[in-house]
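Subject: Structure for you to look at

Hi,

Here is the structure I promised to pass on. Have a look at it first, then read my notes below.

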Amino acid sequence: MPRIDTVIFDVGNVLLDWNPRHLYRKLFAGDEAAMEQFLANVCTHEWNRSQDAGRSFAEGARLLKADHPDKAALIDAYCARFDEMMPGPIAGSVAILAELKAVGTPLYCLTNFSAETYPATFERFEFLRWFEGILVSGEVGIIKPDPRIFELLIERFAMDPRRAVYIDDVEANVTAARPFGIHAIHFTTAAALRPELVELGLLPAQPISRAR
């Protein structure tokens, strides 16, 4: 087997803390039950995935407001205040990314993200500019775990999948990557991730100090 020398990262909940609750706790003034009901029945995870797959937020909001006209302002906030769902990076993961960058590892990104909200996120977080290539689901109209997005990733960046490791917090996405020969890791914490990368020979046993 070829030596693994390339690392592909997911973004949400691997490198960035993303959760709509960060925003909606403010909008529901701490009423957790009402917030959870809203996220379970109005701006649901599956509804948001349609934007990640290429649907515009305007169209997604239009569909929801037809059924929930009393929630119009809350629905519109999902896109308008999307940045408030991301209070910041997952520090340990970004430190690992910096270590990999410091030793010259080819870095790529494969993320389920709306084409509308990704550009502002890219500008906000400087470390997203460390990648040699980024594939955003909303820009290509294919969403993980659809195997076609992994095919496109491999083709677009002329990647040997047997030399790549992929890191994602969603088990279904990890499972979808493996048939291509990619060494896929289910991300839980940065503390658990680093030893796996050490074992693969991508990082030294001790963290690189002052990695950039």
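K101 has its charged end over the ring of W130, 5.4 Å from the centre of that ring. R129 lies over the face of F122, with 5.6 Å to the ring centre. Keep in mind that this is a predicted model.

F122 also turns up in a cluster of aromatic residues linked by ring pairs. Other members of the cluster include W18, Y24, F28, W47 and Y118. Over the whole structure, the search gives 19 aromatic pairs. Take Y24 and F28: their ring centres are 6.3 Å apart and their planes meet at 50°, so this pair counts as tilted. Y24 is buried, at 0% relative accessible area, and F28 counts as buried too, at 15%.

Another pair is F150 with Y166, and this one is edge-to-face, with 5.7 Å between the centres and 80° between the planes. It links distant parts of the chain, as F150 is in helix 9 and Y166 is in strand 6, 16 residues apart. F150 has a relative accessible area of 0%, so it is buried. Y166 comes out at 1%, so it counts as buried as well.

Now for helix 9 itself. Which of its residues are buried? They are I149, F150, L153 and I154, in a helix that covers residues 147-156. If you look down the helix axis, these buried residues fall within an arc of 135°, so they line one face of helix 9. Among the elements that cover them are strand 1, strand 4 (107-111), strand 5 (133-136) and helix 10 (171-177). After helix 9 comes A158, which has a positive phi, near 45°.

C43 is at 2% relative accessibility, so it counts as buried. For C109, the nearest cysteine sulfur is again that of C79, here 19 Å away. C109 is buried, with a relative accessible area of 0%.

Is D5 buried or exposed? Its relative accessibility is 18%, and buried means under 20%, so D5 counts as buried. The side chains of D5 and T6 are joined by a polar contact of 3.0 Å. Leaving out residues up to four places away in sequence, D5 touches T105, P106, R163 and L202.

Cheers

Conventions:
Residues are numbered from 1 along each chain as its sequence is written. This is a predicted model: local features need pLDDT of at least 70, side-chain atom pairs count only at pLDDT 80 or more; totals for chains, interfaces and linings use all residues. Side-chain values use heavy atoms; hydrogens and water are left out. Buried means under 20% relative accessible area, exposed over 50%, partly exposed in between (1.4 Å probe, protein chains only). A polar contact is a pair of N or O atoms within 3.5 Å; within protein, one must be able to donate a hydrogen and the other to accept it, and residues adjacent in sequence count only if both atoms are side-chain atoms. Contact means heavy atoms within 4.5 Å. A disulfide is a pair of cysteine sulfur atoms within 2.5 Å. Helices (H or I, at least four residues) and strands (E, at least two) are DSSP runs, numbered from the N terminus. The arc is that of the directions from the helix axis to the C-beta atoms. Rings of Phe, Tyr and Trp (its six-membered ring) pair if their centres lie within 6.5 Å; planes under 30 degrees apart count as stacked, over 60 as edge-to-face and the rest as tilted. A charge sits over a ring if NZ of Lys or CZ of Arg is within 6 Å of the ring centre and within 35 degrees of the ring normal.
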